[in-house]
Amino acid sequence: MIVTTPPPGPVRTPLTASGAHGEPTREPDAAYLDHAATTPMSAAALAAYVAEAQRTGNASSLHSAGRTSRRAVEEARETLAKALGARPSEVIFTSGGTESDNLAIKGIFWGRRAQDTRRTRVLVSAVEHHAVLDPAFWLAGHAGAEIVLLPVDAEGRLDLDALRAELAAHAAETALISVMWANNEVGTLQPVRDVVRAARPYGIPVHTDAVQAVGQTEVDFAESGVDAMTVSAHKLGGPVGVGALLARRDLALDAVLHGGGQERGVRSGTLDAASIAAFGVAARHAVECLPQRAARLRALRDALVARVSVAAPSAVLRGPEPASGDRLPGNAHFTFPGAEGDSLLYLLDSAGVQASTGSACQAGVPQPSHVLLAMGVPEAEARGALRFTLGATSTEADVDRLVTALPQVVARAQAAGLVSGRALGGAS
Amino acid sequence: MRVLAAMSGGVDSAVAAALAVEAGHDVVGVHMALSRNRDQFRTGSRGCCSIEDAGDARRAADVLGIPYYVWDLSERFEDTVVADFLSEYEAGRTPNPCVRCNEHIKFEALLDKATALGFDAVATGHYAQIVTREVPGAHGPRTVRELHRSPNDAKDQSYVLAVAGPERLARAMFPLGGFASKDEVRAEAARRGLSVSAKPDSYDICFVADGDTRGFLQSRLGSRPGEVVDVDGEVVGEHDGAYAFTVGQRKGLGLGRPAADGKARYVVDVQPATNTVVVGPAELLSVDRIAGEKALWFDGVLEHEPDGWFDAEVQVRAHGAPVPARVRAAGDLPDMPGPALEIELTGAPLRGVAAGQSVVVYRGSRVLGQATVSRAWRAAAAR
């Protein structure tokens, strides 16, 4: 297509890297409260990316160009392993969280069933991300798996008794258990160590999706005792399109992607050295900064929660009490009775506040969150959900902007909810 | 103004949105999701309701640099447009779902939600013009809003818009109202780099796959076998459900033997109470009297017309020609929902006017009012 005139619409100022030691960049003139969706890339990660992307070299080639790329990959592998309490040989680089979850669910299922054909049960918490739920249900449809959705309490926390009862009755038929480290919508930290303790006597492998957790809370692969763990670069200041599955060497894990045999034969495909190098830098930085950052985010989040409940008294906080410590420090999540999430989202966006409904869209239509429904939130109330997630670049000014806009936003969204008659959460 | 641009994914609404942006308005694009199960809506790039169309709308919004949202109006659409479509056919009438969509979805559900959210107007890609005029009133001058035909006769959509009425159209914008041809609109789209510029027009009913209305009705209403009779009551055939027949229909009657006079037979009546379809010769389809229900009048029409009959033109289908008539607003009549409308055709009679269709009253290019046909007959040969 030949473009003769520039397209109409706002032209964004190009982002510039700032801060010598990887302080991330952000879009000006907006309060970005959606760090659980993606985070700004840190300047150090961007620099590492650019340096590597300027080089030619396939990490699997044996000549010097290949060796240079290989070295960048292996250094990043060591860095990532160290940051997450894993051994370098346990790191399998992938294209991101979704691929890592698919590899874990399908790969462990196939590997375990190959050892014993009775193992067809897949135990997943009801509040997992779709990247875990959907491959599990795909296995049910295509590979004879039986999916057990483990219930959660009203704060989204796994019901350990239900897990133990399930294992007591069906351990021999269980292929794997997958319970996320922290929930992406309401921020609930799951009792992953207790899950491992319950599973260990039966020798059942445990996978955890830690995509939201790394950089927000302490995550140690070896100490947790899990057999496999999903991590993603762009949730912690790295680039989109790269992630890893940490997997114990003794785990029965079949490949999902077949080909050149990279990543110990479990994940074929030419290694993306630039993204991997940036991932390593971002992960190290996120973990190094964790204590200060978590404390800062917790204080900022607590202020956000307190001020939202003043600005919009009808708002209902969902997920664990912030003071309980069972919640990601940067996560706040509310439902607004009588309002629809997409109305709230639009009104906030036009006021320069970027947030999320937290749940998946189907063709652009927000669906009521399966997480909230599993927590027992009625469907009409679940339609009025908004998630605010803080990160490295978040400031008090972002919260100011939110609470200034919120009263009118909620009033308007509730008026629209009355007209559309769909969000029947008892508009007040 | 804050303007919501309804974006179907077609070329018209994309250019309408572009023109609203260029007029300096603060524009947000909204695509309406109208089906709960979008796979059931027709696929391909002909419509306004498929996944592809939603993607085309998003792409156009991206090119225009405006925010884009999808609003799920599928429940309302099912409860109003689809439910009306089914119940009207069941009642032996011939509905126009595009009119009902304008009435209940675009200029009610969408418009009301937009207003509640703080938008001043909804812009659509319809071909029609809204003209505002200052007129003297009892309490000083006031503004009346008139709906006029598009200068593009082939595309004019005033017929399906009249149902929205003056109050709702006060919050509507039709940026394509002055375009004289579709080619001009396509050229405007191409000039702006909108990839939908060459997208084919949509014609079919969006929720009826492959244009198979009878198949859709059968899937929703089930098989109800009954008789096809001639005007003398003699059984001449069978059918699978009287609801699938429309007055004026000639094809698909499935009659075994020809009429005694050898002439073509048409559906002249559908009798839902007895599940009977009545066929007869074409002459029986000619009408010169029409009664309408749920009549709606534009600003000032009734005040300025003398009490009783006035001269106008009427149009009974979307792309039909207007015909001269005498028209009277009859107030509320028994057994008829809403204010009534009476029409006497003063020129040649019309053929195949079915209850359920919309009748729109014009004077020249200006829409005076509209109603839903409740009955049509021939004065000379009263039934």
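Which residues of H3(B) are buried?

1. Basis. This is a predicted model, in which local features need pLDDT of at least 70, side-chain atom pairs count only at pLDDT 80 or more, and totals for chains, interfaces and linings use all residues. Residues are numbered from 1 along each chain as its sequence is written, while chains are lettered from A and ligands numbered from 1 in the order in which they are written.

2. Helix H3 of chain B. The buried residues of H3(B) are Arg76(B), Phe77(B), Val81(B), Val82(B), Asp84(B), Phe85(B), Glu88(B) and Tyr89(B). Buried means 20 or more other C-beta atoms within 10 Å of the residue's own; exposed means 12 or fewer, and partly exposed lies in between, with C-beta atoms placed from the backbone. Their cover includes helix H4 (97–116) and helix H8 (213–221) of chain B. Helices (H or I, at least four residues) and strands (E, at least two) are DSSP runs, numbered from the N terminus.

3. A kink. H3 of chain B spans residues 74–90 and is kinked by about 35 degrees, centred on Ala83(B). The bend at a residue is the angle between axes fitted to the seven residues ending there and the seven starting there. Gly92(B) follows H3(B), with a positive phi near 80 degrees.

4. Domains of chain B. The chain is divided into domain 1 (2–210), domain 2 (223–280) and domain 3 (285–377). These bounds come from an automatic or database domain assignment. The C-alpha centres of domain 1 and domain 2 of chain B lie 37 Å apart. Five residues of domain 1 are in contact with seven of domain 2 in chain B. Contact means C-beta atoms, placed from the backbone, within 7 Å.

5. Ala264(B). This residue sits in the loop between strand E9 (235–239) and strand E10 (266–271) of chain B. Ala264(B) counts as exposed because 12 other C-beta atoms lie within 10 Å. Leaving aside neighbours within four places in sequence, Ala264(B) is in contact with Arg250(B) and Ala282(B). Val279(B) is 15 residues from Ala264(B) along the chain, and their C-alpha atoms are separated by 9.7 Å.

6. A helix pair in chain A. The axes of H3 (residues 97–115) and H4 (residues 130–142) of chain A come within 8 Å and cross at roughly 35 degrees. Axes are lines fitted to C-alpha atoms, for helices over the stretch in contact, and angles run from 0 to 180 degrees between N-to-C directions. Residues making the contact include Ile105(A) and Phe109(A) of H3(A), and Val132(A) and Leu139(A) of H4(A).

Conventions:
Contact = placed C-beta atoms within 7 Å.
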